[in-house]
Amino acid sequence: MYRSLIILILCVSYAPLSAQQYLPLHSSAIVADGHNDILWRVMSGGEMESRATTGHSDLPRFREGGMDIQLFSIWVPSEKTGDDAWQFALDEIDSLKAIAARNPAALQLATKPGDMDRILSGGKLAGVIALEGGRCIDGRRDRILELYRRGLRSFGLTWNHSSDWASCSKDESTGKVKGGLSEKGKSFVRLLDSLGVLIDLSHLGERAFWDVAANSSHPLFASHSASKALRDHHRNLTDAQLRAVAKSGGVVMTNFFPGFIVSNMNEKRVKRLREFEKKAAALKKKHPKRGKDYMKEYDRMVAAAKKEGICTIDDVVAHIDHAVRIAGAEHVGLGSDFDGINLTPVGLNDVTDLPMLTRSLMKKGYSADQIRGILGGNFLRVWRAVVENG
Ligand SMILES: [Zn+2]
């Protein structure tokens with residue numbers, strides 16, 4: 001009898017996961033994403049309120065992907081400087097507020113973790129205003145306070161430009177700047193801490209990262225960063241940085257961008273990746289309900305891409321796995337970078353594919369609690385700690 005029980009258990013654990021197994025976990029979990037650039041698309045005339053055929057997200061697709069909390073990136077194009085950059089950031093915040101006001105049943109803005117009960121109970125998406133790149137404040141403390149007043153709750157100190165108070169990973173990696181935080185930068189960190197604003201370390205240079213770690217009293221937070229041990233890129237975090245995030249009680253949200261995930265990208269593979277993206281879109285169109293036949297074809301597609309050495313959802317899971325091994329499952333989350341990237345891994349092509357990531361984590365052997373944490377629980381814990389210690 002025991003033998004047949006063991007055989008039964010083996011069969012169950014090696015059987016392909018069915019939709020029934022991973023969907024309840026995904027839909028009951030709080031799913032949070034640390035970084036989405038759709039507002040940039042909106043500012044360029046793109047659509048977010050109805051279903052779009054381009055890009056990686058919009059209100060209907062957020063719902064379909066089971067998303068609960070989205071950090072919306074306020075990103076200012078490089079050519080905007082001085083007051084133009086500041087005005088662009090404010091207009092971007094206003095555009096998100098206008099979208100939320102027009103779609104109260106789909107999106108509401110959150111300024112504190114305590115807003116979640118109200119927003120999530122109705123099945124709505126909670127939007128958090130998150131700055132990507134502090135250059136637009138032009139080194140002014142009063143502008144940090146103004147952004148806070150307007151609802152901003154995550155502040156990325158740099159994008160790919162250094163300021164005179166913080167250095168970015170790109171400039172530190174090329175030696176363009178000496179790197180680190182100036183005294184002004186350190187005072188901004190203390191101000192953000194006192195306001196209870198998340199200090200986003202993604203894009204920050206390593207020296208500046210360590211300066212924040214030494215000067216902030218809050219858990220460390222990186223909204224969209226992968227691991228340097230798997231892909232040596234200046235945007236990724238070293239194992240020492242991952243350990244520091246864990247030690248602080250913080251969270252690293254894993255980026256999905258193939259360029260940060262795998263190191264073998266070349267022109268030929270990029271071309272193949274684009275072909276796979278088209279194939280994935282056609283597959284979803286053919287199987288809108290994504291039943292068993294879809295899963296079979298999906299698995300075949302991912303396996304075919306893997307065979308060719310093309311970046312897939314499994315490569316993203318490998319980065320999650322690595323971060324978990326170094327930092328612990330309580331310190332890892334998701335930071336898609338959707339709508340800010342021009343390529344996506346096969347099988348993780350837009351926000352509606354997030355349930356497939358839950359399926360992949362289950363297949364990898366993660367427990368339901370670990371998966372709930374990675375999907376969003378860890379982010380929410382960190383946000384709570386930052387607000388309560390503010
Ligand atoms: Zn970014």
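How many cavities of 30 Å³ or more does the count come to?

1. **Basis of the note.** The model is predicted, so local features need pLDDT of at least 70 and side-chain atom pairs count only at pLDDT 80 or more, whereas totals for chains, interfaces and linings use all residues. Residues are numbered from 1 along each chain as its sequence is written, and side-chain values use heavy atoms, with hydrogens and water left out.

2. The zinc ion has Glu132 (OE), His203 (NE2) and His224 (NE2) as its protein donors, at 2.0 to 2.2 Å. Donors are N, O and S atoms within 2.8 Å of the metal (3.2 Å for Na, K and Ca); water is not among the atoms, so sites may look incomplete. Along the chain, the donors follow the spacing E-x70-H-x20-H. Glu132 belongs to strand E4 (residues 125–132) and His224 to the loop between strand E7 (221–222) and helix H11 (239–247), so the pair ties together parts 92 residues apart in sequence. Helices (H or I, at least four residues) and strands (E, at least two) are DSSP runs, numbered from the N terminus. Glu132 is buried at 7% relative accessibility, and His224 is buried at 1%. Buried means under 20% relative accessible area, exposed over 50%, and partly exposed in between (1.4 Å probe, protein chains only). Strand E2 (residues 69–75) pairs with E4 in the parallel sense over seven bridges, and Ile74 stands opposite Leu131 in E4. Pairing requires that DSSP finds at least two bridges between two strands. Seven of the seven residues of E2 are buried, so this strand is largely enclosed by the rest of the structure.

3. **Cavities.** The count comes to three cavities of 30 Å³ or more. A cavity is a set of points, on a 1 Å grid over the protein atoms alone, where a 1.4 Å probe fits but cannot get out; lining residues have an atom within 4 Å of a point. Grid points are joined across faces, edges and corners, and a volume is the space filled by probe spheres set on the points. The largest cavity holds about 100 Å³, and the zinc donor Glu132 is among its lining residues, which also include Trp75 and His161. This lining divides into five nonpolar, two polar and two charged residues. Ala, Val, Leu, Ile, Met, Phe, Trp, Tyr, Cys and Pro count as nonpolar, Asp, Glu, Lys and Arg as charged, and the others, Gly among them, as polar.

Notes
On a 1 Å grid over the protein atoms alone, a cavity is a set of points where a 1.4 Å probe fits but cannot get out, and a pocket is an open set with protein on both sides within 12 Å along at least five of seven lines; lining residues have an atom within 4 Å of a point.
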